Structures are given as structure tokens and as C-alpha cells.
Amino acid sequence: MAARVGIVGIGHTRFGNSSEYDLADVMAYAATDALQDAGYLEKRKEIDQVIVGNMASGLFVHQSAVASSLISRMDMEPVPAELVENGPASGASAIKIGYMAIASGMCDVVLVVGGEVMRKVSGWMATDIVATMLHQEAEYNMGLTLPSFGGMFTRLYMEKYGLTERDLALLAVKNHDNGAKNKYAHIQAPVNIEAIADGPEAEVVNNYVAEPLRMYSTCPVSDGAAAVLLVNMDSPRVKDFKKKPIRIAGIASATDTHCVHNRTDPLHLNAVRIAAEKAYKMAGVGPKDISFAELHDAFSILELAISEEVGFFERGKSYLAVRNGETRIDGRLPINTSGGLKSKGHPVGATGVSQVVELVRQLRGEAEPGRQVKDPKYGMAVNFGGFGNNVVAVICAKE
């Protein structure tokens with residue numbers, strides 16, 4: 001029987017602009033934070049494995065082999081370290097590999113760190129770097145970017161289900177309210193519907209990025225890192241940590257076609273649905289058991305679409321739940337309690353780890369006042385790679 005895997009330490013930098021630091025420094029900060037949280041900093045050389053999630057450090061900051069760099073920056077030699085790259089799903093993929101290392105019996109304690117420094121290049125260049133994950137001939141060479149896919153997906157959804165731009169603005173208001181209370185968020189400022197949708201200056205304040213997506217429906221370009229310390233809950237070593245483990249109850253991933261145009265229905269995010277189904281089965285729960293969720297809203301439309309694919313709402317009905325306040329902190333099913341990528345930010349290699357850090361904070365009851373979910377039992381995160389071609393779902397449980 002595979003070992004149970006829990007999280008005993010979490011760490012996080014504030015997302016935003018870290019241009020005065022190099023990537024190894026940013027990741028080392030988050031890693032140190034996680035080790036201190038677990039009471040394990042002085043024993044860091046006893047960790048069995050370090051796994052780093054990062055998408056494109058060679059392009060963003062001209063640095064590769066960041067796992068090796070992190071080990072030396074933290075004086076952790078000779079602990080083994082490897083790098084996991086899976087686009088914007090790199091962070092959750094790194095956690096999945098860490099889980100597998102413990103479940104296999106090879107390791108008892110694994111440190112997972114996800115990080116990215118993106119703001120040392122221009123916004124246009126960052127968009128281009130992220131677009132390198134697209135199919136080179138059929139998509140990238142045609143001028144497609146991730147925002148353009150987000151815009152086309154949003155238009156299809158609007159035409160089929162009746163979503164409006166104002167509904168997307170309501171999502172931004174919700175997530176900025178949450179992010180304003182999150183000490184780690186890139187954008188810690190609330191917004192109101194008058195400013196970004198209803199008022200006379202809304203067209204200027206909330207301009208188009210990729211029509212019909214506007215600025216407040218798109219995540220910022222961010223620097224940052226997050227870390228989790230994993231432990232074999234069935235090992236005697238679990239007693240070495242000062243925090244009670246939050247169990248990873250389910251973790252799974254799935255893929256879909258690289259070229260979006262090869263999908264039978266481009267509105268169906270099959271990799272999200274399959275990863276979620278596998279994670280539910282592993283955890284022995286279903287959508288109705290989830291207390292709150294962190295969903296990968298690089299574009300606001302994805303929060304809606306993912307919430308439907310994982311079974312929270314009927315297809316085409318999630319925006320009605322937003323209108324009714326069901327996904328707010330005090331609603332029936334809080335979504336993106338951290339502020340989501342929209343407000344918290346999206347350092348691509350860090351995001352999947354950051355989502356799981358938020359699950360742990362909420363399940364421990366450690367979120368800031370006004371942002372804490374009441375009595376959560378299960379939290380779910382979905383980390384979305386490419387335009388849905390490589391997705392990781394994680395379910396964490398309070399024991």
C-alpha cells in the first residue's frame with residue numbers, strides 16, 4: 001500500500017516585481033519560509049529530495065539548472081535536486097513528482113519549490129516566451145498567443161451560453177476583493193463594478209487586451225516563488241515537524257491535443273475533466289465534498305470553464321453562480337480565495353505550488369481575517385498548462 005503523503009511546511013514570496021533579486025534568491029526565500037514553517041530549517045540537509053518547478057528561466061533570466069543553483073544558495077549539498085518543466089503547470093507537476101517519490105517508498109521528506117522571474121523582460125517579450133509552448137507551425141508561427149486563445153475561447157463561450165463582459169468584470173471584483181486581503185498577492189487593491197464595467201470611464205480603465213477579454217479579465221505578469229515540504233505520513237519522521245500534516249488526498253494529471261483546433265469541441269477542456277475525475281477517485285470524494293477551490297484563472301473565463309469541467313456547476317451555468325455570489329468567500333463554494341491568478345499574480349512556474357499553499361493555509365485556518373473559509377474539509381486546485389493541453393488537479397484534506 002502506498003504511503004500517505006502530507007504537507008508539513010508552506011512558504012511563499014509576495015508575488016509582483018522581484019527584479020532586484022535573481023531567481024535562486026526568490027526560490028530560496030520561499031523554500032526557507034517553508035522549512036521554518038515546518039521547524040526543519042536546521043535539518044534541511046536531511047531532506048531526501050528537492051524538486052523545482054520552473055517553466056522558462058533560460059528565456060526569462062538567461063539561467064538554467066535552477067535546481068542545482070537553489071541547492072547551493074541554501075547550503076543543502078549533497079541533497080539530490082531535479083527540475084520539472086511543464087509550462088504553466090510546472091508547479092503542480094513538481095508536487096506530483098514529489099508525491100510519487102514518497103508514495104513509491106524512495107523518499108520520506110521532499111521539498112518542492114516553484115518559481116519564476118518574468119519581469120526582467122518586457123510584457124511583450126513575456127507574452128512571446130509563454131507562447132513558445134504553442135504548436136510551432138500551426139499556432140505560434142501564425143501569431144497566436146495565450147491571450148488570443150483566451151479571447152477566442154471567451155467569444156465562443158459568450159455566443160453559446162450568454163456570458164457578458166459584465167459577468168467577467170464581476171469575477172474581477174470578487175477576486176480583487178480576496179487578493180486585497182492576501183499578503184502575498186501581486187495586486188492588493190479592490191475594484192468596483194462601476195469603475196471597470198458600469199461607469200463612464202470603464203472603457204478607458206478596463207481596456208481590451210484580446211477582445212472580448214479586457215485588462216481586468218487577464219492576470220498580471222509576475223515574479224515570485226512558493227514552496228511545500230512533503231512528508232511520508234506513515235514514517236516515524238513525521239514526528240520531526242512542528243505542524244500537523246495536511247494530507248494530499250488526490251493528485252492526478254491529464255493531457256489533451258497540443259493543437260487546440262484538433263479538439264472535437266474547443267469549449268470542452270477534456271484534460272481538466274479527466275484530471276479532476278482521477279483526483280476525485282483517488283481521494284474518494286466528489287465535487288459536492290469540496291469546501292473551496294483554487295482554479296487557474298490566467299484569463300477569467302478559465303475560472304468559469306474549469307469550475308464546470310470539475311463538476312461544480314452545469315456547463316454554461318457557472319457565471320450565474322458568480323452573479324448570485326455563490327463563489328465569494330461567504331458563498332456556498334468559495335473559488336480563488338487567494339485572489340486567483342487575476343489578483344494574486346501568475347509567476348508561471350510558481351503558480352501550481354502557490355495554489356496548494358493556499359489550500360493548506362485555508363485548511364489550517366491560517367488565512368487572513370475576511371479571507372478565511374469557514375470550517376473547510378477539502379480544498380481543490382487545478383493548475384492549467386498550455387491552453388488546456390496539460391493539466392494537474394490536487395485535492396488536499398484536513399485530517
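This is a predicted model: local features need pLDDT of at least 70, side-chain atom pairs count only at pLDDT 80 or more; totals for chains, interfaces and linings use all residues.
Nine strands form an open sheet with mixed pairing, and reading across it gives the order β3-β2-β4-β7-β1-β8-β11-β10-β9. The two edges are taken by β3 (81-84) and β9 (292-295); each has a single partner strand, so one side of each is left without a neighbour in the sheet. With direction ignored, neighbouring strands are turned by 25 degrees against each other on average.

Two packed helices are described by the angle between their axes and the distance between the axes. For helix α7 (residues 165-179) and helix α11 (residues 300-309), the angle is about 95 degrees and the axes lie 9 Å apart. Because angles of 65 to 115 degrees count as roughly perpendicular, α7 is roughly perpendicular to α11. On the α7 side the contact is made by Leu168, Leu171, Lys174 and Asn175, and on the α11 side by Ser300, Ile301, Glu303 and Leu304. These residues divide into 4 nonpolar, 2 polar and 2 charged.

The second pair consists of helix α1 (residues 23-38) and helix α3 (residues 66-73), which pack at an angle of about 60 degrees with their axes 9 Å apart. That angle makes α1 oblique to α3, and the crossing of the two is right-handed. Leu23, Ala24, Asp25, Met27 and Ala28 of α1 meet Val66, Ser69, Leu70 and Arg73 of α3 in this contact. By class, the residues of the contact of α1 with α3 comprise 6 nonpolar, 1 polar and 2 charged.

Turning to charged side chains, the count for the model comes to 25 salt bridges. One of them joins aspartate 75 and lysine 45, with 3.5 Å from N to O. This pair links distant parts of the chain, since its members are 30 residues apart: aspartate 75 sits in the loop between α3 and β3, while lysine 45 belongs to the loop between α1 and β2.

Conventions. Residues are numbered from 1 along each chain as its sequence is written. Side-chain values use heavy atoms; hydrogens and water are left out. Axes are lines fitted to C-alpha atoms, for helices over the stretch in contact, and angles run from 0 to 180 degrees between N-to-C directions. Helices (H or I, at least four residues) and strands (E, at least two) are DSSP runs, numbered from the N terminus. Angles under 35 degrees count as roughly parallel, over 145 as roughly antiparallel, 65 to 115 as roughly perpendicular and the rest as oblique. Contact means heavy atoms within 4.5 Å. Ala, Val, Leu, Ile, Met, Phe, Trp, Tyr, Cys and Pro count as nonpolar, Asp, Glu, Lys and Arg as charged, and the others, Gly among them, as polar. Two strands pair if DSSP finds at least two bridges between them. A crossing is left-handed if the near helix is turned anticlockwise from the far one by less than a right angle, and right-handed if clockwise. A salt bridge is a side-chain nitrogen of Lys or Arg within 4 Å of a carboxyl oxygen of Asp or Glu.
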